Amino acid sequence: MFMSNPFAELSATIPAAVMQGYVILMVLLVIGGTVLDMIHKKSAQYFFENAKKAQQNAKRTVDTGEKASIALKTLANEVLTSGEFCNTQRRISHLFTMYGFIIFVATTAILIFAYPTPATPAPDILPLLWHIGALMLCFGGYWFWFFIRVDVSSEGLSWFRLERADLFIVSLLTTATFGLIWSYMQFNGMGAWTTLFFVLFIAASTTLFGSVLWSKFAHMFFKPAAAFQKRVAHADGSSENLPADFDLTDPEVQKKFPDIPQYMGKNPAYMGAGIRREGSSHY
Amino acid sequence: MPTFVYMTRCDGCGQCVDICPSDIMHIDKTLRRAYNIEPNMCWECYSCVKACPHQAIDVRGYADFAPLGHSVRVLRDEEKGTIAWRIKFRNGKKDIELLAPITTKPWGTAIPDLAGESAPSKEMRDSELLFNEPKYVRMDEGGLNTLESNGLTLKEGVYY
């Protein structure tokens, strides 16, 4: 099952051109949904106005080279390793879901455009990656859904209570789950069941890519931009009007705030993890 | 004015939901980010503002210590054991930074042993002070309260 290309077998009933057209339609829906989402929420307007305000409060100028270095740091930390999550479990679950989704979507596009029929056999690695991507997505997603989702783990809501915030994760999970079941059914020649799960797979993926305006799908585009802006604001000293991150061993800081060395000594000790000592579960 | 959340900063971790003494910080049903469900019940205690690991929560401070339109932001760094405040006026001309040690005691260590205290005298009953009011709640209008004046020392391991 893991080595078989489910789309090649599908091409016997659905022409490759239709499958390719569907993928293009989904890409257009994501682009359109994201643009409409930006217009509706005025997120781009907010982002640029905020950046302008930060620039006015800047204490120093961040040049292009430094901005490029900040962009690389944002890429390495916030984008590629989900560094913004303070909850380690949530970070790991997000990494599984994110990389699973990327692998799943990329291999789907490659299989459909480059190896759509049995006449063009795909290298074994591609269907294998397609299945691994779906499994990673399911692992990270179901972990999040059942155990980490903050309104369930923190607010005591039942895990099967659905609301609009769940549209993205539910459509993501059903796409991967129905995709895997469809592949299994198809590999074992289970006729009508294969058709049923294929229909469910398409319904889930159409919901996923067609509901960008209403779901939180667009977070994958605006979150990196927000993380970059946060780092730039920190570098130029505007820091969103936050206090400076004082180094308590700096004699200048000790002179400015004489209370600190008086009570904490010249080289203050590590004072403990505080709120991070335990999970947020005192509701 | 009550708390509000910068949605682009919030990651929906739930620390504010956990700490809010009025139970009014919740996770919204559309984007799974934190929000204040009942702004008129917020007493601006700043607990959530300090607890937020991303500084995603802000409050417009009272007009009695800075003119409206100002910004009051706080960074509570438990590892350093300090709390830093920055008050900035709307026109940017006044920009004050304050830094102080965190003096919060470890959870569960500040429960008064009332059973061990002797009963209040007639004089204490007639006083406006609360029963067994700690000495560091200064009612004599003396100097500023400091750790030193109250005989307190900082210990490693600050908790909330």
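Analyst: The largest nonpolar core holds 36 residues, and those with the most contacts inside it are Phe104(A), Ala134(A), Leu137(A), Leu172(A) and Ala176(A). A nonpolar core here is a set of buried Ala, Val, Leu, Ile, Met, Phe, Trp, Tyr and Cys residues joined through C-beta atoms within 7 Å. Buried means that 20 or more other C-beta atoms lie within 10 Å of a residue's own, exposed means 12 or fewer, and partly exposed is in between, with C-beta atoms placed from the backbone.

The model is predicted: local features need pLDDT of at least 70, side-chain atom pairs count only at pLDDT 80 or more, and totals for chains, interfaces and linings use all residues. Residues are numbered from 1 along each chain as its sequence is written, while chains are lettered from A and ligands numbered from 1 in the order in which they are written.

Two or more residues of the core come from each of α1 (6-10), α5 (88-114), α6 (125-148), α8, α9 (192-210) and α10 of chain A. Of these elements, α8(A) gives the most, with eight residues. Helices (H or I, at least four residues) and strands (E, at least two) are DSSP runs, numbered from the N terminus.

Leu137(A) touches Thr97(A), Gly100(A), Phe101(A), Phe104(A), Leu172(A) and Ala176(A), leaving aside residues up to four places away in sequence. Contact requires C-beta atoms, placed from the backbone, within 7 Å.

Helix α8 of chain A (residues 167-187) has 21 residues, which at 1.5 Å a residue should span 30 Å; its end C-alpha atoms are 30 Å apart, in agreement. The expected span is 1.5 Å times one less than the number of residues. Just after α8(A), Gly189(A) takes a positive phi of about 60°.

As for the chain as a whole, chain A has twelve helices and zero strands. Its radius of gyration is 24 Å, well over the 19 Å that the globule rule gives for 283 residues, so chain A is more spread out than a compact globule. That radius is taken over C-alpha atoms, and the globule rule is 2.2 Å times the number of residues to the power 0.38. The C-alpha trace of chain A spans about 80 × 40 × 35 Å along its principal axes. Of the 283 residues of chain A, 31% count as buried.

Terms used:
Contact = placed C-beta atoms within 7 Å.
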